[in-house]
Amino acid sequence: MILYGSTMSPYVRKVAAYAAEKGIELEMKPVGMGDPDPAFRAASPFGKMPALVDGDYGLADSSAIIHYLEARFPEPQLVPADPRERGRVIWFDEWADTILFACGAKMFFNRVVAPRFLGREGDLAAADAAECNELPPLLDYLEGVIPDSGYLVGGRLTLADLAVASPFANLRLMKVDIDEARHPKVAAYTKAILARPSFARFVEREMAFLAR
Ligand SMILES: N[C@@H](CCC(=O)N[C@@H](CS)C(=O)NCC(=O)O)C(=O)O
């Protein structure tokens, strides 16, 4: 199976970490934004990453890909069968993909993607505004919902943890620290999930790339 995209994208990193947790072998094929690669475009009609190609089957969207893989490789289960747990997992996946991502993207696009990959200046004021005004309430929310177990749903690792932790790797790439005094649970939780080998090897590679 081939996964198209760059793990600098929280969506691609989420799928890559999910596959690693499941023990699913994915061949990573790096593509850039709007890449014309025909196999990538066939799987992702709107050119967004990630895209998966599994033989003659192509699929875009990180959540669609994960639910496909979860049905194809049920063990270990990362999307719970219990209705309430499943609902919560899908909520956190959606929250991370939309609300958390929207805030992080304003920071990451303007501070990293625009200058490093598009060769133009980013809107640093917009990035700073997102960090100062939009991020804190999201961290406040998360601080209030992280259980003592260290996992968001059901006391064990699920897709919820992978989805929520992934954008925090982008904060780390920008050297944005979580204030341990104000958000101690978020700081400890994201540190623990991102330290898992399924994430760590990608994040280390991304750090090294950006340090060049
Ligand atoms: N909902 C999609 C979002 C995918 C997405 O927006 N990916 C971004 C990279 S972080 C992208 O490919 N942007 C390029 C573009 O919009 O042309 C998912 O979960 O995979």
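Predicted model: local features only at pLDDT ≥ 70, side-chain atom pairs only at ≥ 80, totals over all residues.

**Exercise 1. Into which domains is the protein divided, and how far apart are their C-alpha centres?**

Solution. Start with the division: domain 1 covers 2-72, and domain 2 covers 83-211. Next, take the C-alpha centres of domain 1 and domain 2, which lie 20 Å apart. Finally, look at the contact between them, to which domain 1 gives 16 residues and domain 2 gives 24 residues.

**Exercise 2. Work out how helix H1 is oriented relative to helix H8, and list the residues that make the contact**.

Solution. First find the helices: H1 is residues 10-22 and H8 is residues 197-211. Their axes come within 8 Å and cross at roughly 140°. Now compare that angle with the cut-offs: over 145 degrees would count as roughly antiparallel, and 65 to 115 as roughly perpendicular. As for handedness, H1 passes H8 in a right-handed crossing. On the H1 side, the contact is made by Arg-13, Ala-16, Ala-17, Ala-20 and Glu-21. On the H8 side, Ser-198, Phe-199, Arg-201, Phe-202, Val-203 and Glu-206 take part. Sorted by class, the residues of this H1 and H8 contact are 6 nonpolar, 1 polar and 4 charged.

**Exercise 3. Now do the work for helix H6 and H8: at what angle do their axes cross, and which residues meet?**

Solution. H6 spans residues 159-173, and its axis comes within 10 Å of the axis of H8. The two axes cross at roughly 25°. Angles under 35 degrees count as roughly parallel, so H6 is roughly parallel to H8. H6 passes H8 in a right-handed crossing. Next, name the partners: Leu-162, Ala-165, Ser-166, Ala-169, Arg-172 and Leu-173 in H6 meet Phe-199, Val-203, Glu-206, Met-207 and Leu-210 in H8. The class count for the contact of H6 with H8 is 8 nonpolar, 1 polar and 2 charged residues.

**Exercise 4. Find Asp-93: is this residue buried or exposed, and which residues does Asp-93 touch?**

Solution. Begin by placing the residue: Asp-93 lies in helix H4, residues 83-117. Then check the relative accessibility of Asp-93, which is 4%. Buried means under 20%, so Asp-93 counts as buried. Last, list the neighbours: leaving out residues up to four places away in sequence, Asp-93 touches Lys-14, Ser-63, Leu-159 and Ala-163.

Note on methods:
Residues numbered from 1 in each chain as written. Heavy atoms only, no water. Axes fitted to C-alpha atoms, helices over the stretch in contact; angles between N-to-C directions. Helix = DSSP H or I, 4+ residues; strand = E, 2+ residues; numbered from the N terminus. Left-handed = near helix turned anticlockwise from the far one by under 90°. Contact = heavy atoms within 4.5 Å. Nonpolar A, V, L, I, M, F, W, Y, C, P; charged D, E, K, R; others polar. Buried < 20%, exposed > 50% of the residue type's maximum accessible area, 1.4 Å probe, protein only. Domains from an automatic or database assignment.
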